[in-house]
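Student: Hi! Could you walk me through this model?
Tutor: Happy to, let's open it up.
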Amino acid sequence: MTTTQDQTQDQAAIFNGTATFKDSRSVDGTDTRAMPAFVLGEELAELAEVDPRIVVLTADLGRSNRTTDFAARHPDRFVNAGIAEKNMITMAAGMAASGLVPFAATFGSFAALLCAEQIRTDCAYPDLPVRVVGHHSGMSMGFYGTSHHSLEDLAMMRSIADLTVVSATDANHLRALLRLSLDHPHAMYLRLGRGRDPEVYAEVPELVVGKALTLREGTDLTIVTTGSEVAPAMQAADDLAAAGVEARVVDMWTISPLDRDAVLAAARETGAVLTVEEANGTGGLGSAVAECLLDAGLAPRFRRHGVPDQHVPVGPPAALYAHYRLDGAGIAAVARELLEGN
Amino acid sequence: MDLADRARFVRTETVRLTRIAGAGHYSAVFSCAEILAALYYGELRLDPARPDWPDRDRFVMSKGHAAIGLYPVLADLGFYDPSELDTYTRLGSAFGDHPDAKRIPGVDFSSGSLGHGLSICVGMAWAGRLRGSDHRTWCLLGDGELAEGQVWEAAMAAAHYGLGNLVAVVDANQLGIDGFVADVMAAEPIEDRFAAFGWDTHRVDGHDLDALLATFDALPARGGDRPQVIVADTVKGKGVARMELSPDWHVGNLVGADYDDVMAELTA
Ligand SMILES: Cc1ncc(C[n+]2csc(CCOP(=O)(O)OP(=O)(O)O)c2C)c(N)n1
Ligand SMILES: [Mg+2]
């Protein structure tokens with residue numbers, strides 16, 4: 001069986017392995033170019049030049065999340081906790097209780113699922129400025145399988161009081177989130193993709209927690225989406241426009257608190273709402289939007305589009321996105337179904 | 001059975017399957033290739049025709065990312081047809097980066113999140129004793145994995161319940177992902193730590209097949225009451241000089257001439 005570039009997961013890039021003899025390496029080029037959105041370590045290193053409160057932790061995944069870029073510049077403010085995520089999160093809480101602003105990063109599966117109770121009880125309940133960074137979220141780990149997927153993290157994290165839940169859309173958006181986080185008064189869960197999200201924001205956007213960003217105006221329906229699905233949703237909107245359907249696209253990067261005004265405006269002004277997320281459709285963004293609509297007594301045409309309530313099959317990420325219609329073409333098809341009443 | 005040849009087979013199959021996937025975990029398999037060969041061809045009580053045989057020995061690969069080295073062994077033993085391996089990581093395949101017990105005969109438990117396997121094995125060993133079976137339960141752990149607190153919760157429980165039918169093997173290959181375990185979060189002294197938890201400890205050169213088999217033979221009878229740990233000193237990436245103890249090869253992809261060079265090195 002041949003392996004096309006598209007089918008290939010490129011694990012070397014996932015782990016940022018710099019594996020190379022002569023020409024062997026990650027399949028699509030160098031590690032950094034393979035992960036353009038992984039500005040986490042670099043941006044935090046920059047911010048730490050002027051903010052002495054910033055410290056960074058990871059759990060044997062510094063090469064994967066590029067916190068190595070931070071460690072190189074601020075070795076004394078970097079903690080590699082080893083493969084001990086729960087200890088990492090609660091240590092971060094101790095640091096936050098001592099005046100620091102810790103960023104603790106690991107795969108979303110381990111950050112949110114393994115450490116859920118540590119996040120609730122040690123970070124959110126004491127209302128400490130811990131920044132839990134869950135990267136390679138959703139099913140972006142592809143054929144690593146369920147142990148490495150975090151399709152439940154949005155549902156779990158948004159049900160925790162005093163925890164702010166946000167998704168990063170691309171490199172510039174992540175920069176904005178990190179800057180905003182420095183003086184945010186609550187604990188945060190920052191949900192990141194696998195570092196290969198295409199550019200959506202040419203500039204670093206202005207962000208206010210609780211205010212979504214409308215990326216495209218439209219009158220026929222609104223696609224409310226987040227994180228890794230923003231770029232494919234924009235592509236879907238282009239496809240739809242070519243067929244005469246004008247979709248508004250809302251980047252709901254602020255999952256909790258949700259931007260209720262943006263949701264209600266979408267329902268009132270476009271009459272149809274499609275939520276799109278790389279997460280289990282139960283309890284995540286779609287559920288949050290549905291709750292918001294029903295609480296306000298609105299019942300537009302509505303569809304939650306995410307991963308069905310099942311463990312996803314083995315497969316490279318691109319194959320899984322196509323399989324679940326979470327790529328641009330798939331989203332456009334689901335939007336047409338919604339409008340046609342199917 | 002030529003165990004050295006089977007260890008070589010584990011390594012070459014890992015290289016071959018990784019090419020199907022586009023990248024994979026070479027070095028974590030290379031460090032435990034002899035361990036897998038000695039266990040599967042020289043120790044475990046299995047019947048490939050009856051993967052659900054209640055009295056089979058259990059094996060849980062807690063360092064599940066080395067599954068790519070286990071799949072060919074299970075095929076070779078007859079649990080399934082080797083041609084199925086060619087679907088490795090493709091959409092819908094039974095064979096992903098981590099082992100799936102629901103889909104793969106011969107895999108006793110799914111793994112992938114480090115730190116869980118020893119607890120699974122405590123449960124299995126406890127259940128085996130309750131059911132009056134004399135099977136052993138084996139667990140393969142990474143050395144970086146020992147940082148997980150759950151490993152030590154399980155270690156405490158295994159001794160508390162007197163599970164002499166449980167054997168943990170630590171693939172002490174010196175590296176995790178980010179670097180040397182000793183630098184990131186020191187696991188040593190591994191034997192002393194297990195001993196303090198009430199385990200019998202053994203230490204062996206994990207690339208010496210005879211020494212591994214001798215260590216297995218020297219384990220107390222299946223009915224003992226102290227859990228056993230074998231700390232296997234290994235080299236992450238063993239067998240490919242440029243991968244040995246290199247943190248750059250936890251995950252990688254060999255292409256072009258490098259693929260052929262590595263295959264030649266492994267089969268020389
Ligand atoms: C709970 C958990 N955290 C992190 C990971 C990601 N991860 C996969 S392999 C690995 C390093 C494992 O090191 P070690 O246990 O020494 O195994 P080796 O590969 O060296 O055999 C890490 C951190 C994981 N699979 N599970
Ligand atoms: Mg190791």
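Tutor: Let's start with a term: a residue is near a molecule or strand if one of its heavy atoms lies within 4 Å of it.
Student: Okay, so why is the ligand 1 site called shared between chains?
Tutor: Because the residues surrounding ligand 1 come from chains A and B.
Student: Which of the 22 residues around ligand 1 come nearest?
Tutor: Those are E85(A), K63(B), H65(B), D143(B) and L175(B).
Student: Before I go on, what should I know about the model itself?
Tutor: It is a predicted model, where local features need pLDDT of at least 70 and side-chain atom pairs count only at pLDDT 80 or more, while totals for chains, interfaces and linings use all residues. Residues are numbered from 1 along each chain as its sequence is written, chains are lettered from A and ligands numbered from 1 in the order in which they are written, and side-chain values use heavy atoms, with hydrogens and water left out.
Student: Back to the ligand: how far is a nitrogen atom of ligand 1 from an N or O atom in the side chain of E85(A)?
Tutor: That distance is 2.6 Å. On chain B, a polar backbone atom of G112(B) is 2.9 Å from a nitrogen atom of ligand 1, and the side chain of N173(B) has an N or O atom 2.9 Å from an oxygen atom of the ligand.
Student: New topic. What does the domain assignment of chain A give?
Tutor: Domain 1 (4–191) and domain 2 (213–340); such bounds come from an automatic or database domain assignment. Their contact (heavy atoms within 4.5 Å) takes 27 residues from domain 1 of chain A and 33 from domain 2 of chain A.
Student: And how much area is buried between domain 1 and domain 2 of chain A?
Tutor: About 2,300 Å², with carbon and sulfur atoms giving 62%. Buried area here is the accessible area (1.4 Å probe) that two parts lose on being put together, summed over both. On the domain 1 side of chain A, M139(A), L151(A) and R158(A) lose the most to domain 2, together 31% of what that side buries.
Student: How many salt bridges are counted between those domains of chain A?
Tutor: The count is 1, with a salt bridge being a side-chain nitrogen of Lys or Arg within 4 Å of a carboxyl oxygen of Asp or Glu. R158(A) and E291(A) meet in a salt bridge through their side chains, at 2.8 Å, N to O.
Student: And how many over all chains?
Tutor: The whole structure has 34 salt bridges. One more example is R120(A) with E117(A), at 3.7 Å, N to O.

Note on methods: A polar contact is a pair of N or O atoms within 3.5 Å; within protein, one must be able to donate a hydrogen and the other to accept it, and residues adjacent in sequence count only if both atoms are side-chain atoms.
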